[in-house]
Structure formats: structure tokens, C-alpha cells
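Hi,

Here is the structure I promised to pass on. Have a look at it first, and my notes follow below.

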Amino acid sequence: MASHSDTLVVFFGATAGANGGKLGSDEREIILLVWQIVDLHEKKVGELHKCYVKPDSLELTDQCKEEIGLTLEDIVKAEPLDKVLQQFQQSVSSEVKCLGRSSYTLCVNSPLVIRQALHPEASKKNLVLPECFFSFVDVRKEFHKCCPNAGPAQKLTLTSMLECVGLPAVSEQMMGVREVMSMVQLTLCILDEPYNHKFSCVETVKYKFDSGTCSKTEPVDSETVIRARGLPWQSSDQDIARFFKGLNIAKGGVALCLNAQGRRNGEALVRFINSEHRDLALERHKHHMGSRYIEVYKATGEEFLKIAGGTSNEVAQFLSKENQVIIRMRGLPFTATPQEVLSFLGPESPVTDGAEGLLFVKYPDGRPTGDAFVLFSCEEYAQNALKKHKQILGKRYIELFRSTAAEVQQVLNRYMSTPLISTLPPSPIVPVPVLATPPFLPAASSTRDCVRLRGLPYTAGIEDILEFMGEHTVDIKPHGVHMVLNQQGRPSGDAFIQMKSSDKAFMVAQKCHKKTMKDRYVEVFQCSTEEMSIVLMGGTLNRSGLSPPPCKLPCLSPPTAYAAFPTPPAILSEAALYQPPLLAAPRPPQTTAHNPAHTLAYYPPQPHLYMNMNMNYTAYYPSPPVSPSTVSYFAAPPGAVAAAVAAQPHPAAAAASPVLPQPGALVRMQGLPYNAGVKDILSFFQGYQYAPDEYSGVVQMSEQARSLIQPKEWLCL
């Protein structure tokens with residue numbers, strides 16, 4: 001510490017590229033080091049030392065040649081960085097010993113030479129820096145304590161500080177020597193009367209990154225968070241901390257982002273100890289990690305908590321052991337036990353506290369997901385475990401890779417969180433109370449009280465949309481923001497917003513159109529709920545007008561809406577649970593050859609929409625056919641209901657009947673090809689007679705339902 005040190009080592013460094021306020025921003029290597037010792041007690045100055053450094057890349061920018069006055073011949077004859085640092089340490093230690101002192105602290109004009117140049121370069125070259133480079137004092141901050149009226153410390157220059165205390169500027173021409181001599185003069189000045197300053201504001205560089213947990217209730221300053229993009233998928237929190245070497249990351253401040261499948265997406269949110277370190281991190285935009293360049297952007301505290309925050313006591317207890325290496329195991333058999341996992345890892349990879357060092361990830365109902373996290377007490381044990389990557393446990397190969405505390409939280413949050421709206425309806429065997437259509441699901445209307453956002457960043461969330469709309473947020477209906485996902489379940493870049501009136505929607509479209517969100521401009525169009533439903537099912541909407549989606553069933557009129565649950569009564573009858581999820585538009589009656597009395601007609605669509613905003617909005621019948629993600633899946637009716645259906649004599653009894661009013665019976669088709677569509681099913685039954693006033697109800701199941709039961713479709717004959 002400077003307050004307990006006997007001497008200061010005034011230190012300066014320059015690179016082969018940008019210097020001054022942009023030092024280290026272009027990843028260029030150090031080519032010059034200059035230093036001089038100041039005895040704090042005797043106020044004496046030692047010999048000035050200047051050392052050239054040979055970089056790996058023998059290229060100098062024109063700006064560097066002009067400022068420093070070096071040539072390639074001077075650089076070629078120099079020693080590499082590791083040799084120069086050894087010379088520096090030996091020279092300083094010898095000189096300090098000759099002065100009869102025992103300790104020293106570096107003094108710099110800016111933290112850039114330490115944080116942005118020396119530490120990153122040493123990290124890339126796998127050099128171990130001497131301990132003296134992990135603490136230093138900034139002469140600008142020390143001077144600001146003596147002369148607070150001189151201005152903000154970050155804006156002070158050596159020339160302005162010398163002028164403030166009445167000292168003449170140094171006449172030396174060579175860069176590096178001039179700066180060191182100026183800092184020595186300032187140091188001697190503030191050590192003397194009338195300042196009698198004590199150097200006490202010591203800054204430190206962390207030796208290593210400390211992992212830890214973060215609570216969702218913990219306040220996180222948005223001025224301390226960045227988003228790193230383009231990371232190798234196998235990167236760990238230690239790799240990211242190494243990329244930002246020289247800057248102090250908060251404990252547990254690295255959160256790797258996962259995609260919808262629970263795999264890393266190449267992004268991470270990093271939280272620093274203060275805004276100064278965050279600003280320095282932004283200067284590393286497009287610096288390299290290996291052969292990849294990494295993009296660095298500003299982020300918010302809410303984004304960090306969304307990824308890293310957790311409230312699970314189980315996770316907190318699991319991560320309570322500090323200085324542990326975390327390994328994630330993926331693809332475990334669902335029947336795997338802790339002992340089987342420990343045996344798989346073997347004695348060369350002992351798990352911390354045995355079974356207590358294992359955390360199995362489970363669904364809310366207790367079913368295993370096949371993921372687990374393992375704690376190891378040292379890097380050697382973790383490396384031994386990683387050697388078992390893709391080895392077999394039972395009949396499955398197991399993936400192993402490094403993980404982080406934030407990833408543990410994120411994975412647990414993802415699997416343990418229950419959906420806001422269930423994707424499967426209650427059991428249809430007995431009548432159950434069901435609310436009428438939820439108030440946030442819009443009715444089909446031509447009133448243009450909605451807006452469509454197009455071109456959203458794929459990382460944008462509802463909070464980003466609310467911030468984007470600014471003062472117009474108060475005019476959004478409750479639950480009125482609907483994100484649209486594509487066929488793969490990923491953000492499509494579109495969203496629909498229900499406003500309180502058409503006037504409010506018009507104002508939003510006028511004021512927010514082509515406004516920027518996260519470096520992208522977003523288009524805003526006014527629309528109606530009717531237009532919204534068509535777009536969600538594959539149509540297009542822009543300022544040129546509305547284009548309905550193409551229908552791949554020429555024999556059917558295109559559907560116009562999803563059927564809503566009937567509003568009255570609140571308690572649905574057993575028959576009401578089997579209404580078709582997709583109704584075709586009415587067609588003219590067609591007389592069949594077998595029975596002229598029987599005609600074929602379709603029920604008209606209901607007047608309300610029951611829309612799922614997460615559905616695939618490509619077309620009605622995607623090619624290849626894919627089951628839309630809707631909440632309109634209904635399981636097979638019990639035999640009693642089917643018998644009652646067959647017993648109904650005429651549709652006129654529908655109003656009083658608690659069961660389906662149509663004659664005929666339901667037949668189940670099992671073993672359909674996965675690419676079979678509605679047209680294929682109708683062709684399969686070509687030549688068979690349909691019941692009068694009947695509908696063709698083909699229920700496509702959601703992916704979640706398909707994973708629970710065998711694929712099946714129902715057709716009413």
C-alpha cells in the first residue's frame with residue numbers, strides 16, 4: 001500500500017498503436033517502458049530508466065512513430081516483454097534496497113497502462129506479472145485530493161496540473177521521458193508544503209475472478225453491466241474474466257446466456273465493481289478471444305438479474321462452497337443415481353463432499369431433466385472429469401463442460417418456472433369450471449387500436465418494448481404486449497401491442513416509427529385485431545396494405561379465426577370441450593351421390609378470436625406440416641360421449657343437449673405419417689359419406705402434447 005510504502009515508482013508505458021486516452025483500445029503491444037523512483041521520506045529521486053520492448057508483431061503506426069520517435073531498428077534490437085519485466089523488477093528491487101527502503105508502489109498518470117495494456121497483453125501471452133503490478137496510485141486522483149478546484153480527476157492532464165501549482169512544463173521532447181519527469185515534479189510538489197500529501201488512494205487489480213450467487217432482490221447498477229457477444233460456446237466464466245483481465249469484475253458477475261434449448265448462445269452479461277471499469281470494458285469492443293472478436297455493448301441491471309438472479313435455497317446451498325470449479329453434465333439417463341454419477345467420474349475426479357456436491361436439475365413435478373452440476377475442489381480434478389466428455393453412462397453418452405454459478409441459477413430458473421398459461425386443458429372427463437375468454441385476448445374487430453412492431457432485436461424483451469414506447473406506455477391495455485415467435489419457437493422480431501384507443505395507436509405509430517432500439521430501427525404500424533390475427537397466421541401487413549396468407553387447401557375456404565370458448569356459461573359442458581379448434585368458412589351445400597338428403601356444410605367461424613401469440617405464424621398448413629403451438633388441443637372423448645353423439649337424431653337438439661349435437665361418430669386415426677396434412681387425411685377418406693351439417697375437425701397437437709402421448713388426429717364422420 002502506498003500509505004505504508006517507502007517509495008513510489010513513477011511508471012509510464014506506450015504501445016505500437018494508440019496512446020494517451022486511447023491506450024490499449026486497439027490491442028497493440030507495449031514497445032516502451034519508462035520509470036523513476038521517488039523516496040517518499042527523503043523526497044529524493046532515483047535514476048530515470050528507459051527500456052524498449054520487442055513486440056511479436058513488428059509494425060508501428062504512423063502516429064506511434066511520430067509521437068515516440070522510434071524506428072523498427074530500435075524495436076528489433078529490444079528484448080521481449082517478459083525479459084523487460086524481469087529487468088524492471090530486478091532494477092527497482094536493487095535500487096530500493098540501496099536506498100534502505102523495503103517496499104514500493106507504482107504511480108501512473110492513468111490506469112490505462114496497467115489495466116488496458118499491461119494486464120491484457122500478459123494474459124494473452126500467459127505471462128505471470130510481478131506482484132507490484134496489481135496495485136498502483138493514480139497521480140491525477142491524488143492531485144485532485146490536494147487541489148479539488150482543479151477540475152474532475154478524469155479530465156486532468158499533466159500540463160494542467162503543473163500549471164495549477166505554478167510549475168513550468170517539462171521541455172523534454174521524447175514521449176515517456178517527458179511524462180515521467182512531469183509526474184516526478186508533481187509528486188515532489190504535493191509531498192512538500194503546503195500540501196504535505198500522503199498517497200493513500202491505492203487501486204488494485206484482482207488476481208482472479210470470484211464466483212458466487214446473485215439474488216433477484218439484489219440492486220444492480222445499470223452503469224456497471226455490459227453484454228459480451230460472439231463468445232465461443234465452450235467459454236467459462238474464467239475465460240471471460242481473462243478476456244477482461246485488468247478490470248475488476250464483481251463477485252459472481254459473469255452470467256452466460258442460454259438459448260431456448262438450454263444451450264449457450266455465445267453471449268454473456270458481465271457486472272463490474274463500478275462504472276469506471278465498465279467504461280474501460282466498453283473500450284475492448286471487438287478485441288479478440290483466440291481467433292474470435294468479441295462485441296461489447298452496454299446492458300442493464302435488470303437484464304443481468306434476469307439471467308443471473310435466483311431465489312432457490314437449494315442452489316444457494318449448493319453454491320455456498322467458495323472457490324469450487326463447476327462442471328455441467330448433460331444427457332444423463334433419467335434413472336441415474338448419485339452413486340452412478342460418482343462412479344462414472346471415477347476416483348481421479350473426486351466430487352466435493354461426495355453426493356452433496358451433485359445437483360440434479362428437475363422439472364417442477366420432480367421428473368429429471370438429464371442435467372446435473374458437479375463441484376470440484378481444484379482445477380486438476382475438473383480437468384480429469386472433462387476427459388470423460390461423451391463417454392457412456394448406461395446407454396447414453398454424457399456431455400461435460402465448464403459451467404458457472406450464474407448458469408446454475410439460469411438453468412434452475414428455466415426448468416423450475418411454471419408457464420403462466422397452461423398448454424393443455426383440464427381433463428375433459430368431468431365438467432370443470434373454466435373462465436370465459438381472458439380479457440387480454442382480443443376480439444376480432446376492425447377498430448385500429450393496435451400497433452405492430454417490426455424489426456425488433458431478437459434479444460428484445462417486454463421491458464425493452466415498454467422503454468421503447470416511453471410516455472405511450474401508460475396507454476397500453478393490461479396484458480396488451482404480445483411477442484411473436486417463429487416456427488422454431490424463437491423471437492421473430494415482431495410484436496403486437498393493444499392500445500386503449502385507435503387515437504393512441506395512431507400517435508404511437510407516428511412518433512415511434514423507425515425509432516431506434518439497441519442499434520436497430522423499429523417500424524411501427526397501426527393495425528386492428530382482425531389484421532393482427534391474419535398476420536399471426538401467415539399474412540403480411542405493411543403500409544401498402546394487408547395481404548392474407550396463402551392457403552394450401554384449395555378444397556377448403558381459408559380459416560378466418562380460432563374458435564373461442566363460449567362466453568356463457570362459465571361452466572363448460574362436456575360437449576363444449578370438444579369444439580373444433582379450427583373452423584372453416586361456410587361452403588355451399590353439396591349433394592352426395594349416395595344420399596341426396598345429406599348435404600355437406602361447414603359451421604361458420606365464431607365471432608371471437610382465441611389466439612395464442614406463440615403460434616407458428618407461417619401459414620395455416622405449414623409445409624412440411626407442423627403442429628401449431630396452441631392451447632386448443634383436446635384429448636379423445638370418452639366412449640359415453642361418442643355414444644351420445646351417435647344417438648343424437650338431429651342438430652336441432654343442440655341447444656338443449658349437453659353433448660355434441662351432430663349425428664355420426666368420431667374415429668381415431670393412429671400411426672399417421674408425421675408429414676401428413678389435412679389434405680392427406682381428407683383424401684384418405686375419399687368416397688366415404690359425411691354426416692349432414694357436419695364439420696371436418698382435424699386437431700393438430702402441440703409439441704408438448706405430442707411428447708406426452710402418441711401422435712393422433714380426430715375426424716368426425
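I'll start with a pocket. The residues lining the second largest pocket split into 8 nonpolar, 9 polar and 9 charged, where Ala, Val, Leu, Ile, Met, Phe, Trp, Tyr, Cys and Pro count as nonpolar, Asp, Glu, Lys and Arg as charged, and the others, Gly among them, as polar.

Before going on, the ground rules. This is a predicted model, so to speak of local features we need pLDDT of at least 70, and side-chain atom pairs count only at pLDDT 80 or more, while totals for chains, interfaces and linings use all residues. Residues are numbered from 1 along each chain as its sequence is written, and side-chain values use heavy atoms, with hydrogens and water left out.

Back to that second largest pocket: its volume is about 600 Å³, taken as the space filled by probe spheres set on grid points joined across faces, edges and corners. Of its 26 lining residues, Arg 242, Phe 243, His 288, Met 289 and Gly 290 are the closest to the centre. (A pocket here is an open set of points on a 1 Å grid over the protein atoms alone, where a 1.4 Å probe fits, with protein on both sides within 12 Å along at least five of seven lines; lining residues have an atom within 4 Å of a point.) Helix H4 (112–124), helix H8 (237–243), strand S12 (287–289) and strand S19 (396–402) each give at least two residues to the lining, and H4 has the largest share, with 6.

On the whole chain: it has 20 helices and 30 strands, which are DSSP runs numbered from the N terminus (helices H or I, at least four residues; strands E, at least two). Of its 717 residues, 50% are buried, meaning under 20% relative accessible area with a 1.4 Å probe, protein chains only.

Two local spots are worth a look. Leu 358 sits in strand S16 (residues 358–362) and is buried, at a relative accessible area of 9%. Leu 358 touches Phe 318, Pro 338, Val 341, Leu 342, Phe 373 and Val 374, leaving aside residues up to four places away in sequence; a contact means heavy atoms within 4.5 Å.

Cheers
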